Amino acid sequence: MKFRRTVWLQITLLLLMLCLPAVAGANSTEISLVLSTSTAAIGESVTASGTTNPNAWVPLKIVDEEESILVFDTWKADASGNYSIDFIVPDTNSETLTIVVGEGSNVAVETLIVGTEQPVVFTVTGDGVTAGEKTYTLNQLKALGETTDSYSYFSSGQTVTQSCTGVLLGTVLADAGVTDPDWEITVLTTDGYTHETYTVTLQESIDNAYLVTYLVNGEPFEDMGGETSSTIRIYRNHDDGSSWLNRLKLVSGVEVTSAQPPVLPGDVDGDGSVDIDDAQLIALYDAQLTTLTEQQLAAADVSGDELVDIDDALLIAQYDAQLISDFPVNQ
Ligand SMILES: [Ca+2]
Ligand SMILES: [Ca+2]
C-alpha cells in the first residue's frame, strides 16, 4: 500500500512538472529583442538586449543561412527582467545571421547582416608603437572611449562653435603603447596640407585636447575617395588654452618619433667618450672630407660659437691631453 502511494506521488509530480512550463508560459512576459546594429562585420561586438521575465535565463542562438547553430549561450535577466548580451559576430560564409533569444514558444528573432570588414581609418606608426604600427577601424576607435566636446573658431567676424565627437589622441596613443610625454607626434594628412603645428609633443597634444574626430555636429565627414580618402579630422585647442580649434583636415594617422638623446659636448662619434677620434672627425669635416649629422654638429661645437671648425677640434685635442677640463660651451 505504501509502495503504491509513492508511485502515485511520483506520477503526480511528473505530471505537474510537465505542466509547469505551460503554466509559466501562460503568465510570462513576451521576450523582446533589439540589436545594437543591423550590420556588423565578423569579429565585431554586437549587443542584444530586451526584456523578459524577472531573473529568467535567456538562451541566445546565432543561426546561419544553412540553419546551423554557430553560437549558443545563456545569460540571466535582472530582477526587472532586463537583459543585455554582448556577442562577437562568429566566422561565417553567410551574408545574414538569425539571432534567436528565448525558448519554447516565447522567442524573439532578429536578422543581422554580416557586413564586409571595416576599413582602417587611423594608423599610429613609429617609435614605441606596439609592433611598429597599430591600425584602427572606426569601431575600434570608438571602443577606446568616445568624447564629445565643443571647439570654436572665428570666421567672418563670428565665433562658430562645433560639437565634435571622437577619441582623444592621447588615449589612442596610450592604447598603441606610446606614453613618453616628450616624444613628438606628427599628424599625417592625406591632402598634403602642411602646417608647422602638425608636429607636437605627446604632452602638448594632451594639453591642447587633440581629438581624433569622426563626427562634427553629429554628422560624419564625407569620404573623399581616392588618394585623399579619409573620414577623420583632428581638432585641437589653441596653445594659449582657449577652446578655439585648429582643424587638421583629412587625417590618416600619426607618426611617433622618440625624443633625441641628450648630446654630450665633444662626443661627435657618439661612442660615449670625448677623445682624439672626435677631434679627427671635426678636422675631416672642416677639410670637407666628411659630413656630420645635425646631432653630430650639435655635439661638435664645443666652443659654443655656433660654428663647427678646427677650433673645436683643437679644444677636444686639448681636452684629450688633459690640458683643459671643460669646454667653453659648458661654461
Ligand atoms: Ca667620442
Ligand atoms: Ca665651434
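Tutor: Let's start with a definition: two strands pair if DSSP finds at least two bridges between them. Keep in mind that this model is predicted.

Student: What makes strand S9 (residues 120-126) and strand S10 (residues 133-137) a pair?

Tutor: Set the value against the cut-off of at least two bridges. S9 and S10 are joined over five bridges, in the antiparallel sense, so by that definition they pair. In this pairing, Thr 123 stands opposite Thr 135 in S10. The hairpin of S9 and S10 has six residues between the strands, and Gly 128 takes a positive phi near 80° there.

Student: How do you know that S9 also pairs with strand S19 (residues 251-257)?

Tutor: Use the rule again: at least two bridges are needed. Four bridges join S9 to S19, so the two strands qualify as a pair. S9 and S19 run parallel, and the bridge partner of Thr 123 in S19 is Gly 253.

Student: Why do the buried residues of helix H7 (residues 310-320) line one face?

Tutor: Those buried residues are Asp 312, Ala 313, Leu 315, Ile 316 and Tyr 319. Buried here calls for 20 or more other C-beta atoms within 10 Å. Seen down the axis of H7, they fall within an arc of 160°, so they line one face of the helix. What covers them includes helix H5 (276-286) and helix H6 (294-300). After H7 comes Gln 322, with a positive phi near 60°.

Student: Which residues touch the most other members of the largest nonpolar core?

Tutor: Val 172, Val 212 and Ile 234 do, in a core of 27 residues. Among the elements that each supply at least two residues of this core are S9, helix H3 (169-175) and S19.

Student: How do you know that Val 172 is in contact with Val 212?

Tutor: Contact means that the C-beta atoms lie within 7 Å. Leaving aside neighbours within four places in sequence, Val 172 has contacts that include Val 212, Phe 122 and Leu 144. There is also a second, separate core of 15 residues, which includes Ala 77, Tyr 83, Val 101 and Val 114.

How values were computed. Residues are numbered from 1 along each chain as its sequence is written. Chains are lettered from A and ligands numbered from 1 in the order in which they are written. This is a predicted model: local features need pLDDT of at least 70, side-chain atom pairs count only at pLDDT 80 or more; totals for chains, interfaces and linings use all residues. A residue is buried if 20 or more other C-beta atoms lie within 10 Å of its own, exposed if 12 or fewer, and partly exposed in between; C-beta atoms are placed from the backbone. The arc is that of the directions from the helix axis to the C-beta atoms. Two residues are in contact if their C-beta atoms, placed from the backbone, lie within 7 Å. A nonpolar core is a set of buried Ala, Val, Leu, Ile, Met, Phe, Trp, Tyr and Cys residues joined through C-beta atoms within 7 Å.
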